[in-house]
Structures are given as structure tokens and as C-alpha cells.
Amino acid sequence: MSLLRALILVPLALVAGCGELAPTGPERGLPTSIAIDETARPPEVTGNVFAFTIDRARRPYRSVAVSGQQWELGNAYMAGFEFRVDPALRSSRGGLSVAHIIDAETGRVLYDLEVDGRRGVTFLGRTCQAPGDFGEWQRMTIRTRLAADGTGYLEMRCGIGPLTAQPVVFARSDVPTARGGACLSDPARCDRAAPARAFQWQTGVLADSAAAIPGGGATVEIRRMVHRRLYVVFTRTRNL
């Protein structure tokens, strides 16, 4: 069974790719909807596993794959991948991430899959993987409609297996997702935050600063990446 079918659980799912993108994706064995950020440290590739590593001595403090085409306001998208966090990152005290959704025009981080040795891998404060499970593979799938008004939604699931088998970690409907995660926790901030109009997904390992990176560096392995625009969305959880 293909990865897309495993995620959507319908034969066609009315899901289309995002179009032809940067050549770095196909050349590295990735789908055409994904590219490697060549301005940063490239990953080491073994089979279908991409090992992204950063250290304090080398800027920028990121090593990532990206959505090769900007996501656009008003559209719905899905991104999914399996990740394995180096158990050494149990010593991390924050400032590291496995994935970002950013405002493509300003670089502002809207949503963040964070890594912390105390809380594990979290999304908007909800745990996707506990620190004790670092070193094990975990799947993360996010589905969102990017909107500047109340027509948006955001859903994140974690777990190995088909989409409907993955527990929902976070789900929120009827919210202006284009304004970022802070808007979801503090709606009053929505009036002050300008909505993004174009978006980019980044997957790998990212650090806020050199101080966030352990002395031995930080490595996150990624496999089975998929990015898709959604035309019809099935089995959506509205709110948690």
C-alpha cells in the first residue's frame, strides 16, 4: 500500500500533489512536493532515512526538508512524517524543534513541534512523544485549513499506523489559523497579529540559538515524508 493510501484510507481521497517543485527533492529520493533546504547543513541519507544534524559551531542552526512550494491562504493541506529523536536530547531544556510551519514572507514561526527533555516532543503544549520514548519511531500528521478568519481548522495526530489509527493530540475548528498558535491560546491576540498569506513547512531539526543545542550536537531522523494539498477531508475531529 502506498504511503498516501495508508494515511488517508481511501483509494483516491481526492488528494492532489502541490505541483512540480525544486529538483533537490526527487534527486534525493523524495516526493516532488518536498525539497532539501540547501542553504543549511544537508542530511545524511541511509535508504529512506534522512538524518538531520546541527551543532553549535555551524550556522544556520537548522537542517531541514521543506515544502518545495509555498502553501497558500484559504487552502487545506496535510503533512506527515515519521521521526526518531536522538535519546541524547533528553538533556535538552527547550529551544529545539522537529518541525515548523512559518510565514513564508517574514519567517515568523506560526506552529512548532518542539523537543524538550522534560516534556518530550510537544505541539501547542500537547505531548506527541514522551522523553522516555526518544529513540523510537513516531509518526506525526497535521491537517489544516490556513485561513485569516474563522473558517480555519488545525488537527495534529501522533502514532504509528493509518491516519484513523493515530490518536488525535490537538484539534481546533473555526479559528483563524493563519495567525499562528498564539492566537489559539489567546484569541485577543488575533486582532493584533497580521495573518500570513503564504506558508512553508520545515521538517528536520531546528534550534532557536546555539545555547539550545547540546554540546554533542542534535540529531533527528526523518522518514516517509509526505506533503499534500487536500480537496476533501475525511474523519476530521473538530475540537479537543
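A pocket is an open set of points on a 1 Å grid over the protein atoms alone, with protein on both sides within 12 Å along at least five of seven lines. Its volume is the space filled by probe spheres set on the points, which are joined across faces, edges and corners. The model is predicted: local features need pLDDT of at least 70, side-chain atom pairs count only at pLDDT 80 or more, and totals for chains, interfaces and linings use all residues. Residues are numbered from 1 along each chain as its sequence is written, and side-chain values use heavy atoms, without hydrogens and water.

The largest pocket has a volume of about 220 Å³. Its lining comprises 16 residues (an atom within 4 Å of a point). Closest to its centre are Val109, Leu110, Gly180, Gly181 and Ala182. β9 gives the most to this lining, with five residues.

β8 (96-103), β9 (109-116) and β12 (138-145) each supply at least two lining residues (strands are DSSP runs of E, at least two residues, numbered from the N terminus).

Ser33 is buried, at 3% relative accessible area (buried means under 20%, with a 1.4 Å probe and protein chains only). The side chain of Ser33 reaches the backbone oxygen of His227 at 3.2 Å.

Methods. Buried means under 20% relative accessible area, exposed over 50%, partly exposed in between (1.4 Å probe, protein chains only). A polar contact is a pair of N or O atoms within 3.5 Å; within protein, one must be able to donate a hydrogen and the other to accept it, and residues adjacent in sequence count only if both atoms are side-chain atoms. Helices (H or I, at least four residues) and strands (E, at least two) are DSSP runs, numbered from the N terminus. On a 1 Å grid over the protein atoms alone, a cavity is a set of points where a 1.4 Å probe fits but cannot get out, and a pocket is an open set with protein on both sides within 12 Å along at least five of seven lines; lining residues have an atom within 4 Å of a point.
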